Structures are given as structure tokens and as C-alpha cells.
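Here is a friendly walk through one protein model, from its charged pairs to its packing. Please keep the view open as you read.

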Amino acid sequence: MSAGKKFTEDCARELREAICGAGGNEVFAAAYLDADGRIERINIKARGNDSAVPAVYSLDADGMPDVLVHNHPSGFLTPSDNDLLIAARAAEDGIGSYIVDNTVTNVYVIVEPARTKRTVKLNADTIIAQLEEGGAIAARLPAYENRASQLELMRLIIRAFNEDCLAVAEAGTGVGKSFAYLLPALRFAQLNNERVLISTATITLQQQLFEKDLPLVNSVLAKPVKAVLVKGRGNYLCRRRLNDMINQSQPDLDFIGQEETFKAIVEWSSVTSTGARSDLSFTPDDGVWARVCSDADACMGMRCYAREDCFVMKLRRAAADAGILVVNHHLLFADLAARRDGAGYAGTAVLPPYQRVIIDEAHKIENSATSFFAGQFSNPSLFRQLSRFFRQRGARRSGLIVRLTACLPADIGDEAGVDWQTIVEEIYAAAEELNRQALELCGESVFRLVPAREALISERLIPPIENVRRLLLRFTGKAAALAEAAEGIKDSNAVIDDLVWELRSAIRRLQNLCGVCGHFIEYQDYPLESIWIERRRSNRSGGNDWALFNTAPISIAEQLKEALFEASKTVICVSATLTVSGAFNYWMSRTGADQAVNKDGGAKIVLNGSFPSPFLYENAVLTAVPADAPDPNGREFQHFVDEAVFRLAKASGGSALVLFTSFESLNAAYNSAAPRLEAMGVRCLRQGEDDRSRLLRAFIEDEGSVLFAADSFWEGVDAPGRTLRVVILCRLPFKSPNDPIFEARCEHIETRGGNSFMDMSIPEAIMKFRQGFGRLIRSAKDSGVVVALDGRILSKRYGSLFLKSIPKTRYCFEDFDTIVQKTGEWLSR
């Protein structure tokens with residue numbers, strides 16, 4: 001091919017002169033294309049001899065090259081094996097490879113470069129007009145309201161798409177952030193044929209976006225954008241695993257008492273089009289579902305006989321050509337972890353490749369990422385894993401080992417089987433001893449492994465945990481030997497192949513548990529992890545407590561910085577609570593967003609903005625703090641809370657959400673107030689008496705009820721109207737100093753010269769306080785009272801930071817009797 005088709009004249013001359021300057025020997029250059037696809041600029045990277053040159057290229061001030069170019073002095077341009085190998089590696093990054101002669105007259109193209117297409121920028125005015133009065137979206141909304149903050153938020157998001165940068169936005173309740181990001185996202189995906197990934201904190205919000213908001217926005221586009229809802233594979237049925245359970249010669253011991261559930265799943269499997277657990281008309285037992293759902297370790301991929309009807313495969317095919325993917329944070333982090341660990345960013349990992357990401361409920365990503373990268377094990381989880389291998393009840397045996405040995409020639413089964421029952425019993429005994437020692441160390445709460453406790457850890461914990469790991473490694477070794485023996489027989493069949501595959505996946509699970517054991521044994525080698533044991537209470541009457549062994553990263557900022565903020569062109573993070581004292585610094589430092597750089601090494605551009613709620617809080621909300629509240633750390637405080645909750649709920653006639661920071665305080669207040677309130681006809685609900693969704697439904701349906709709750713109920717409660725007119729925040733939501741992750745993070749801050757109280761405790765508490773406050777006003781018609789019973793808001797210097805963090809309201813900072821009176825007056829307006 002003529003070099004004139006691939007090089008500009010000036011660039012060909014420059015390369016020719018470089019070759020001449022190297023004495024006609026080989027030179028190696030990084031080259032960059034112009035808009036027409038011809039090389040317009042080169043950087044000479046290396047010079048060699050008449051038959052070889054170092055292939056040196058990397059990210060530099062000019063970014064990654066488009067093409068690698070070198071010359072063959074012989075004039076013979078056919079690539080060598082080394083040329084092909086280097087070209088193949090470069091092609092993984094979209095880089096092309098050319099060979100030229102010394103006069104740069106002819107060129108041999110080994111690999112064409114992946115042409116960088118020009119991004120079609122969004123027209124902000126056109127898109128925003130769709131959500132203004134009379135616009136296409138506005139016309140489809142039955143209760144449309146023009147919200148200036150929503151339109152400004154959309155303008156910021158459009159800039160993030162157009163400028164390939166990071167946007168961090170705080171959008172108050174009622175702004176309408178979903179439409180603010182969906183309109184630009186769908187339009188960008190449509191114009192550029194480029195995938196946009198939207199991640200939410202929960203599957204519930206995933207489904208709301210996918211089933212309600214997305215179809216509405218798509219309906220105004222001339223050509224709708226294909227959108228796919230993607231959940232973790234454990235949410236989908238695996239036909240092969242289900243068939244294996246159906247075809248077992250003996251019923252599985254784990255299914256005893258769950259026969260009707262299993263039968264219902266079998267019947268549903270013949271009619272479901274998605275295989276999604278959420279499509280079941282009932283909630284299946286977790287143990288039964290775990291045996292028939294899709295599992296990454298157990299997946300046989302293209303070897304599976306059921307692959308054509310595989311629900312996960314169908315989902316992946318649908319996702320591969322979708323313009324919008326709606327996922328949850330856990331699935332996003334699973335994908336990012338796989339890419340960071342070697343899967344790369346160009347192809348499919350857990351999800352298809354993407355360069356544009358929108359993260360809703362972004363205030364949760366640190367906790368979500370920490371949870372994903374954490375490790376844990378306990379006796380219940382260990383025994384559940386062991387039961388997959390071997391289980392005996394009376395004379396009946398079940399499990400993968402029993403099923404596999406039954407399919408093998410007797411000599412092979414006997415050779416690798418040894419005495420499985422004895423081996424399993426040894427593991428059970430060792431695990432029980434470890435559990436006993438761990439519970440003694442925990443006392444009634446938590447035991448964190450720190451160097452100051454080295455003597456105690458070495459004497460009491462390391463020996464039993466080493467024994468458990470030793471026995472598990474011996475067990476997995478023998479199980480692996482059985483799998484290897486089964487693979488080696490001549491008369492293998494599909495049943496044996498499937499069982500071996502399942503056995504190997506179960507072995508990997510046990511090996512992962514051994515890895516967690518290793519972190520405990522070598523805990524001092526992991527200074528950036530929090531490693532601890534906590535006591536868990538049995539839910540069964542008469543059940544024994546058990547120890548939960550945990551590991552978690554102290555910081556995930558570096559992981560998020562590299563895998564998310566730097567690897568993506570556009571990342572848009574939105575939430576109602578991202579700022580502390582009006583600044584994004586705390587959230588950005590915790591997530592690594594403030595350290596992100598572009599491919600050229602320069603700091604990533606970060607757009608940010610706060611978009612206030614359109615609701616008129618000053619007319620709708622009375623915020624009260626009793627000036628005579630006792631010290632929260634004193635003995636009188638709990639009695640004060642008990643009486644305050646009763647009197648406020650009485651004054652409001654119910655319709656109250658009472659938020660606590662501990663279950664001990666919650667139970668005390670409930671036991672004191674509930675009998676008196678219920679005698680007055682006020683229904684009292686308590687967290688823990690039913691699952692979260694049913695509890696919330698009962699609260700919302702009964703307008704006069706009172707809900708006593710903690711922790712997770714500080715956010716995610718959406719009860720507009722007369723159902724919720726009073727929110728009582730019993731105590732400032734500082735994290736417990738006994739929380740092992742929080743404690744380790746505070747220590748890490750202190751060792752680096754920071755002040756953990758001001759740098760972490762205060763910001764964390766403010767963000768949680770704002771979430772609790774935000775439960776009250778969910779629509780423009782709502783009104784009510786927020787009472788914070790913690791007097792530190794008024795007496796401590798930091799207290800003003802909490803009040804400054806919430807919208808401006810009416811205030812009452814008087815004695816508690818006056819607050820009760822003012823509450824009644826405010827609600828009766």
C-alpha cells in the first residue's frame with residue numbers, strides 16, 4: 001500500500017529523516033492520526049539495528065498513540081512473529097501497527113487502529129425545553145411543576161457528557177433528579193451510539209427507574225433507546241442446576257420441609273420468560289433458591305447443555321446491544337473489580353463495556369464498595385458450604401461427593417473418598433472450638449484484631465483458626481483429588497462432567513473461606529484492613545450465638561479512583577446528601593473523586609453544584625430542639641427520651657417516625673410509650689417485628705401509627721401526606737466508637753495527623769442527620785415538625801453545623817413543654 005494513504009506528506013518526510021539519522025537502521029515511533037485517519041504526528045521512541053528495535057510505547061504527554069510504526073531496512077515488509085505479537089498486544093488497547101520501508105514509500109498495515117469517533121455533543125437548550133412548561137416530557141406528567149433547580153441540574157449533567165468530565169451534584173428532595181439525568185443520558189446514547197450505565201443503591205430503585213421513569217422519557221424520542229435492567233446473576237434461575245436437583249436419585253436433605261417451595265419453582269420455570277426471582281409470586285426459601293439460582297463459580301458457560309435457554313446468557317445478549325444499562329451499586333462494583341483485576345476496560349467483564357456512568361444515591365457508594373470488597377465467614381456459612389459436599393442424617397447421605405462417587409467405578413470412588421464423614425466431623429468440631437474461643441473474646445459485642453492485643457490473639461485465636469484452615473485445606477485437597485480422578489475416567493458422561501464442575505465451584509468457595517482465615521492469622525500484614533469478630537444472636541428460640549469473622553478495607557478511595565473515575569470519560573454522581581457545610585470535600589475525599597486524573601496525567605475536571613429543594617420548608621416545617629434536654633451521656637437521658645416520644649406522639653395523634661441510634665434505646669422507648677399510646681388508639685410499630693417492606697407498608701396505610709426504628713430507616717422512608725407529620729430524632733447519629741470499620745478509619749486519620757472527630761465523626765453524623773430530617777417532607781403538600789432531642793445541637797460548638805446542613809425552617813429552641821405545645825399548634829394550623 002502506498003504510504004501516502006496512511007501518512008501526511010510532512011509526517012512521511014519527518015519519519016524518513018529519522019530513519020536516515022539512525023543510519024538506516026530500525027526506528028520505532030508512536031504515531032497520531034488526523035481527522036481523516038492519516039498519521040499527522042510522530043514521536044520517535046527508540047532506535048535499533050538493521051533487524052530489531054525496542055518496542056517502547058506508553059501513556060505520555062500526548063496520550064496513548066493511535067498507531068505504532070517501525071521500518072524494515074530490508075524493504076521486505078512482511079511482519080515477523082515478534083511484530084505480530086506486539087501488534088496483537090497493542091490492538092487490545094485499540095492501537096494499530098504499521099511497517100514501512102526506509103523511504104516511507106510503502107506501508108504494510110498489520111492492524112488498523114480503532115478510529116476515535118467524534119462525540120456528538122448535546123444541545124442543552126433543546127433537551128431542557130422538553131422538561132419546561134409545554135415540553136414533550138412536561139406534557140406527559142399529570143402533576144407537572146416547573147422546577148428551576150431541576151433544569152439547572154440537567155444543564156450541569158449535559159456539560160459532564162459534553163466535556164468528558166466528572167459531575168457531583170446534590171439535589172434536594174423534590175428536585176426530580178431522575179428526569180434530570182435520564183433525558184441527557186438517553187439522548188447521548190442515541191446520538192453517539194454509546195452505552196450509558198445507570199447505577200442505583202437498591203434493586204427497588206432500579207425497577208422504579210426501569211418500569212416507570214425510563215419508558216416515559218423514551219416515549220418522547222423519535223427512536224427509543226434500548227434499555228436493559230441487569231441484576232446480579234444470583235437473582236436468576238439456572239435451568240441446569242434446577243434439572244440436576246430434579247433428576248437426583250434421592251431427595252436432597254436440604255430440601256426436607258421445602259418440597260412445596262421446590263415444586264412451585266419447578267412449575268414456574270416452565271412459564272417464566274425472565275427467570276428472575278422477583279417475578280415469583282412468593283418469596284422462596286433462601287437455601288432452596290441458592291441451590292437452583294445462577295452461580296458464577298458453578299456456571300459451565302458454553303459447555304452447558306442448557307446454554308441456549310439460559311436466562312443469564314439471554315440477559316447478556318440483550319445487554320450487549322443496549323444503549324442504557326440499569327444496575328445496582330453491588331453489580332457495578334463487581335464489574336469494576338473484575339476489570340481492575342485484569343479483565344480490562346475494552347471488553348465484557350461482568351457487564352458490557354461502558355465509558356459513561358451515572359450513580360444515583362451516590363452518598364452510599366463508599367459503604368457499598370466497602371461491603372463488596374469485605375470478606376467474612378462464620379460457622380453457619382461454613383456448615384452450609386460443607387453440606388454441599390457431604391451431609392448425613394441417620395442412614396441417609398447426600399451432597400456432591402455422594403452423588404459423584406455413586407457415578408464412578410467402585411475403585412475410583414473408594415480411592416479418593418476415604419472416610420468423608422469423619423473428615424467433616426473433625427472440621428465441625430474444630431469450627432465449634434474456634435467459635436467458642438471467638439465468642440469469649442467478643443464478650444457481648446466486638447473483638448477487633450490490633451497489635452496491642454497480640455499476646456491474647458496468639459494464645460486464644462490463632463491456634464484454633466489455624467486448625468480450621470488446616471482441616472479445610474486437607475478437605476479441599478481430597479475433594480480436588482476426587483474431581484481429578486473423575487475427570488480421568490474413560491467412560492465419562494454429562495452427569496459426571498456437571499458434578500465435577502459443581503464440585504470444583506464448591507471447592508473454590510471453601511478456599512475463599514480459607515483466605516479469610518489467612519487474613520486473621522496474618523492480620524498484622526494487612527494494616528489497611530479492619531479485621532474483627534462480632535457476636536451474632538440466633539433468631540431461633542433456644543439457638544446458640546455464633547461468631548462472625550470479618551475483614552474490610554479501611555479506604556476504598558484508591559480503588560474507586562482508578563476503576564471508576566479515571567477509567568470512565570463521564571461519571572455523574574447525584575444524591576440528596578453529598579455536602580457537609582455546603583462543600584463536597586468530605587464525600588470526594590472518601591471516594592477518591594478529588595484525586596482522579598485524566599489519561600494525560602492532568603487532574604480530572606470536576607463540575608459540582610447544589611440544587612435546593614423547590615419545597616417551601618420555611619412555611620412547612622417547624623424544627624425544634626429542647627433547651628432543657630439532659631446530657632445524652634447521662635443516666636436521665638433515656639427516661640427523657642421515653643417521655644418525650646410519648647408526649648410528642650400524643651400531641652400529633654400518631655403519624656410519627658421515631659429514629660434511634662441504638663436498638664437498646666429503641667426498645668426502652670417502645671416499651672415505655674407503646675402501651676400508653678395504644679391505649680389511646682395509636683398503633684405502634686417497631687423495627688424487627690416484621691420485614692422492612694411490610695413494616696413500611698403498614699405504617700403508610702395507617703395514618704395514625706407511630707414507627708419506632710433505627711439505622712436503615714434514617715433513609716429510604718417515603719411516606720408523603722398525613723401518614724408522617726412528626727419526625728423525632730432521638731440522638732445525634734454519631735457512629736458508635738465500637739464500630740470496627742469506623743474505629744479503624746478514625747485511627748488511620750489520627751496516624752496521618754488528622755482529627756478524626758472533626759474529619760470523620762462530624763461529617764458522617766451530619767450526612768445521616770440530613771437523611772433523617774429528609775424523611776418528613778416528600779411532596780409540596782407535606783408539612784410537619786422535626787424534633788431533635790439531643791441538646792448538643794444547642795450547647796456544643798459543632799451543633800450549629802447540623803442546623804446549617806438542613807433547609808431553613810421555622811425554629812423552636814425552648815423548653816420541652818413549650819415544644820410539645822408548639823407541635824400541637826403547628827399541626828393544627
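The report below covers salt bridges, nonpolar cores, a helix pair and one glutamine.

## About the model

This is a predicted model, in which local features need pLDDT of at least 70 and side-chain atom pairs count only at pLDDT 80 or more, while totals for chains, interfaces and linings use all residues. Residues are numbered from 1 along each chain as its sequence is written, and side-chain values use heavy atoms, with hydrogens and water left out.

## Salt bridges

How many salt bridges does a search of the whole structure find? The search finds 39, where a salt bridge is a side-chain nitrogen of Lys or Arg within 4 Å of a carboxyl oxygen of Asp or Glu. One of them pairs Glu743 with Arg448, with 3.2 Å between the closest N and O atoms. This pair links distant parts of the chain, 295 residues apart: Glu743 sits in helix 25 (residues 740-751) and Arg448 in strand 14 (residues 446-448). Helices (H or I, at least four residues) and strands (E, at least two) are DSSP runs, numbered from the N terminus. Glu743 counts as partly exposed because its relative accessibility is 28%, and Arg448 counts as buried because its value is 9%. Here buried means under 20% relative accessible area, exposed over 50%, and partly exposed in between (1.4 Å probe, protein chains only).

Arg792 and Asp790 also meet through their side chains, in a salt bridge of 2.6 Å from N to O. Both Arg792 and Asp790 are buried.

Arg647 is partly exposed at 31% relative accessible area, and Asp817 is partly exposed at 45%.

How do the two helices sit against each other? Their axes (lines fitted to C-alpha atoms over the stretch in contact, with angles from 0 to 180 degrees between N-to-C directions) come within 9 Å and cross at roughly 25°. That makes helix 22 roughly parallel to helix 29, as angles under 35 degrees count as roughly parallel, over 145 as roughly antiparallel, 65 to 115 as roughly perpendicular and the rest as oblique. Contact here means heavy atoms within 4.5 Å; the residues making it include Phe640, Ala644 and Leu648 of helix 22, and Ile819, Val820 and Leu827 of helix 29.

## Nonpolar cores

A nonpolar core is a set of buried Ala, Val, Leu, Ile, Met, Phe, Trp, Tyr and Cys residues joined through side-chain atoms within 4.5 Å. The largest has 54 residues, of which Phe389, Phe475, Leu503 and Phe549 touch the most other members. Elements that each supply at least two residues include helix 13 (379-389), helix 17 (454-487) and strand 16 (546-553). Helix 18 gives the most, with 13 residues. Among the residues that Phe389 touches, not counting those up to four places away in sequence, are Phe475, Leu503 and Leu510. Apart from this core lies another, of 46 residues, among them Leu156, Ile158, Leu183 and Val220.

## A buried glutamine

Gln559 lies in helix 19 (residues 557-565). At 17% relative accessibility, Gln559 counts as buried. Leaving out residues up to four places away in sequence, Gln559 touches Arg340 and Leu564.
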